[in-house]
Amino acid sequence: MRTEVRYFSRGGATKKLADAIGRAVGAEAKSVEVPLEQYADVVFLGASVYGGKPDPAVVNFIGANAKNIGKIVVFGSACTGKSTHAAIKSAAAGNAVKTAEMFFQCKGQFLFMNKGRPNDQDCADAAEFAKKQIKLLGVT
Ligand SMILES: Cc1cc2nc3c(=O)[nH]c(=O)nc-3n(C[C@H](O)[C@H](O)[C@H](O)COP(=O)(O)O)c2cc1C
């Protein structure tokens, strides 16, 4: 099973989670600016919340790489508890790409809120989530 990790990060929080997930699943985390050169069964996609939605670069990545994506697993952060999962799922469905129902979400630092998040525990939780997803998706 081939696994890839892609993310969009303005301030570094999503990259931090992506690097932790990449280490856990044995795939180097790369920006969404880097296309998928081969088919991947699972693409962990890091998409945090900006103005209530994912950055357009993430949506563009899905459209441009649809034929090489088996299934998307969303992860991200936000200053609220909100996730981009629903928006990503909808964008993916529009390109006939599947999205896992489970996703990883944690608090992200923004202005004076959630200082230091994602922290080491968030990264450990993201890594654990990713390993579980690989196990789960590997047997379905
Ligand atoms: C321009 C901007 C808009 C944001 N809008 C929201 C928002 O609508 N809702 C929310 O919960 N967090 C919002 N946030 C907080 C980010 O989701 C949070 O800081 C996240 O950790 C950023 O990830 P990054 O460092 O990878 O860019 C916003 C952050 C920025 C910079």
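1. In this predicted model, α1 (13-25) spans 19 Å between its first and last C-alpha, close to the 18 Å expected for 13 residues at 1.5 Å a residue. Just after α1, Gly26 has a positive phi of about 75°.

2. Most of α1 is covered, with ten of its 13 residues buried. These are Ala13, Thr14, Lys16, Leu17, Ala18, Ala20, Ile21, Gly22, Ala24 and Val25. Among the elements that cover them are the strands β1 (3-8), β2 (29-31), β3 (40-47) and β4, together with α4 (120-138).

3. The ligand has 19 residues around it, and those that come nearest are Ser9, Gly11, Ala13, Thr14 and Gly108. By class, the shell holds eleven polar, six nonpolar and two charged residues.

4. Pro118 sits in the loop between β6 (104-107) and α4. Is Pro118 buried or exposed? Pro118 is buried, because 24 other C-beta atoms lie within 10 Å and the cut-off for buried is 20 or more.

5. Setting aside neighbours within four places in sequence, the contacts of Pro118 are Ala13, Lys16, Leu17, Ser77, Cys106, Gly108 and Cys123. Lys98 is 20 residues from Pro118 along the chain, and their C-alpha atoms are 27 Å apart.

Definitions and conventions
Residues are numbered from 1 along each chain as its sequence is written. This is a predicted model: local features need pLDDT of at least 70, side-chain atom pairs count only at pLDDT 80 or more; totals for chains, interfaces and linings use all residues. A residue is near a molecule or strand if its C-beta atom, placed from the backbone, lies within 6 Å of it. Helices (H or I, at least four residues) and strands (E, at least two) are DSSP runs, numbered from the N terminus. Ala, Val, Leu, Ile, Met, Phe, Trp, Tyr, Cys and Pro count as nonpolar, Asp, Glu, Lys and Arg as charged, and the others, Gly among them, as polar. The expected span of a helix is 1.5 Å times one less than its number of residues. A residue is buried if 20 or more other C-beta atoms lie within 10 Å of its own, exposed if 12 or fewer, and partly exposed in between; C-beta atoms are placed from the backbone. Two residues are in contact if their C-beta atoms, placed from the backbone, lie within 7 Å.
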